[in-house]
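Visitor: Please walk me through one part of this model closely. Then set it against the rest of the chain.

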Amino acid sequence: MACLFRRTIAAKLSRTLQQPEELLLPALSAVPVFKKQQTPDFKLSVSVLRLNGILPLTEDIQLQTEDLSRQLKPDNVVEHICAGSGAVNFTINRKHLVQKVLEPFESDTDTAFGLNSELLNRLNRGTTLVEYSSPNIAKKFHAGHLRSTIIGNFIANLKQALGNEVIRMNYLGDWGMQFGLLGAGFTQFGSYSKLRDNPLQHLFEVYVQVNREAEHNDDLRHKARDFFRKLEEGDTEAMSLWQCFRDITVEEYQHVYKRLGVHFDVYSGESLHQKQAQEVIEKLQSRGLLKTTEKGTGVVDLSISGDMSNVCTVLRSDGTTLYITRDIAAAIDRKDRYKFTEMIYVTDKSQANHFQQLFQILSALGHPWAESCRHVPFGLVKGMKTRTGEVVFLEDVLDEARTRMLHNMNQSKTTKELEDPEDTAEKVGLSALIVQDFKGPLQSDYSFDWDRILQAQGDTGVFLQYTHARLCSLLQKNNELEAAHFYPSLLDEPSAISVVQHLLRYDEVLCQSSQDLQPKHLVNFLLKLCHLTASAHRELPVKGSPVEVAQARRLLFKGSCSVLANGMKLLGITPVQKM
């Protein structure tokens, strides 16, 4: 495993530089594999040693690199050491490398590969609360909530795999004046039978109708304000109707979440923090943080110089609270309730200023844990359409992905072998959506293209699934080759070594992903693993090879298949065994 080799190299460096191994390990990393080019296995960054004060900054970095390279002597594990550009390169004995990397896959308990690395032991572990998805109740699930849902799911999966206790929270938009409109509108235009038959569609129709009517109907606007006032006062009849809307919405959303392979531990919402929001206002007043403007609104001055150049409104002139006031109350309540070590909010990048203000106000209120809160922003998806036109609802996107994927599978005549072609098409179509979304930096906008994302070749989710299914087939067809022992010296071909070298990087990729919460590192690692495995599969046949050679090659492909499957699950993708 990578950590064993890093530790071996660090021990060698420690003796030469007279420094503790722990100070040297951060400068060591596995070398990325380049196709058709032999590379060393690990490199030592000399610039990191200089920045950490282990080597002087005043001397020439290349001379330091070459001098250190000469001082380090190869042994039976590290068989070659040479100077590169600002880095010392290390090549591990090939037999030893193959044996240690593939050993975990000899048994069927290989799901911890990479996750039990000492590199990950340095990460802080505790309770992580992830707030994601967060749609508005009484509305069908909009396609715009897809990114928050799948990104949040990835972060929760990753944090859990790395040993954290994870709380998956869906913070519903379930309060505000729009529910006054909906309540008044349902009283006038609603039908309980239609609500039972097609709940969200009916509520959507009522909401559209009441908004249209309210534009020129003062009486209806007054009724909407009156209904929301009753909600805030806890009126039994109004609360009963609102609760009905909320329960129906959650139940409907759960069908969509099931299709996405997403679940939540807690369904929270703004409504739960109404009274606490008033307590926040009182705390801001008592600390002298609440200012009143000429218009009568309550604001918090966040400017550095205290000149009111950067204020955050927390109270309307009529005394009612705002979204951010409820967010402050929610954060304080969550800390008290869940004792989280970190809290992560996943929303689009337009809310970056909102969260910056939220964290500043929490700090000003004397909550040092505000520093453990972070916002993961993401960009917009452009041009997401179905054959019928512009996409509005997420289920339309999922249906379209399944339909198009099923068509592609029918064209390639693979559906006859499948027990449930539609289910496979659903899983593969979803993986296409996820990989397209995760390939680049989350903050970037991207243009959506059905034809591109559903390609079986190239860097797509379909390619990941195709490679996994192909490996599953290979392993199943050669099941009799499962061996109690394998001979690592029989895997000395460049294509086999490239796969093994690439697997060395898995724990580093997980570590990097956990720090910046970007899924692109894992996606690109898995895509490259598929390309390298495809090359090895072409060049290293299992069937027809001598038994011991075939056993060794099967183990190599078993390792690839295992890491691919586990990585896909972290991304929120269900691997298929046939397609």
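What does aspartate 60 count as, and at what relative accessibility?

Guide: Aspartate 60 counts as partly exposed, at 43% relative accessibility. Buried means under 20% relative accessible area, exposed means over 50%, and partly exposed lies in between (1.4 Å probe, protein chains only).

Some ground rules. This is a predicted model, where local features need pLDDT of at least 70 and side-chain atom pairs count only at pLDDT 80 or more, while totals for chains, interfaces and linings use all residues. Residues are numbered from 1 along each chain as its sequence is written, and side-chain values use heavy atoms, with hydrogens and water left out.

Back to aspartate 60. Its place is the loop between helix H3 (46-51) and helix H4 (61-71). Helices (H or I, at least four residues) and strands (E, at least two) are DSSP runs, numbered from the N terminus.

The protein has 23 helices and 16 strands. Its C-alpha trace spans about 85 × 65 × 35 Å along the principal axes. Of the 579 residues, 54% are buried.

Next, paired charges. The count is 32 salt bridges, each a side-chain nitrogen of Lys or Arg within 4 Å of a carboxyl oxygen of Asp or Glu. One network links Arg259, Glu395, Asp399, Arg402 and Glu426. Within it, aspartate 399 meets arginine 402 at 3.3 Å, N to O. These two are three residues apart in helix H16 (residues 394-411), so about one helical turn separates them. Aspartate 399 is partly exposed at 26%. Arginine 402 is partly exposed too, at 24%. Arginine 402 also bridges to glutamate 426, with closest N and O atoms 3.2 Å apart. Glutamate 426 sits in helix H17 (residues 421-438) and arginine 402 in helix H16, so this pair ties together parts 24 residues apart in sequence. Glutamate 426 is buried at 15%.

Another bridge joins glutamate 493 and arginine 553, at 3.3 Å between the closest N and O atoms. Glutamate 493 lies in the loop between helix H19 (461-477) and helix H20 (494-503), and arginine 553 in helix H23 (residues 547-571), so the pair ties together parts 60 residues apart in sequence. Arginine 553 is buried at 10%.

Last, the cysteines. The whole structure holds zero disulfides, a disulfide being a pair of cysteine sulfur atoms within 2.5 Å. Cysteine 511 has its nearest cysteine sulfur, that of cysteine 3, 12 Å away. Cysteine 511 is buried, at 11% relative accessible area. Cysteine 561 is also buried, at 8%. Its sulfur is 3.9 Å from that of cysteine 472, the closest cysteine sulfur, which is too far for a bond.
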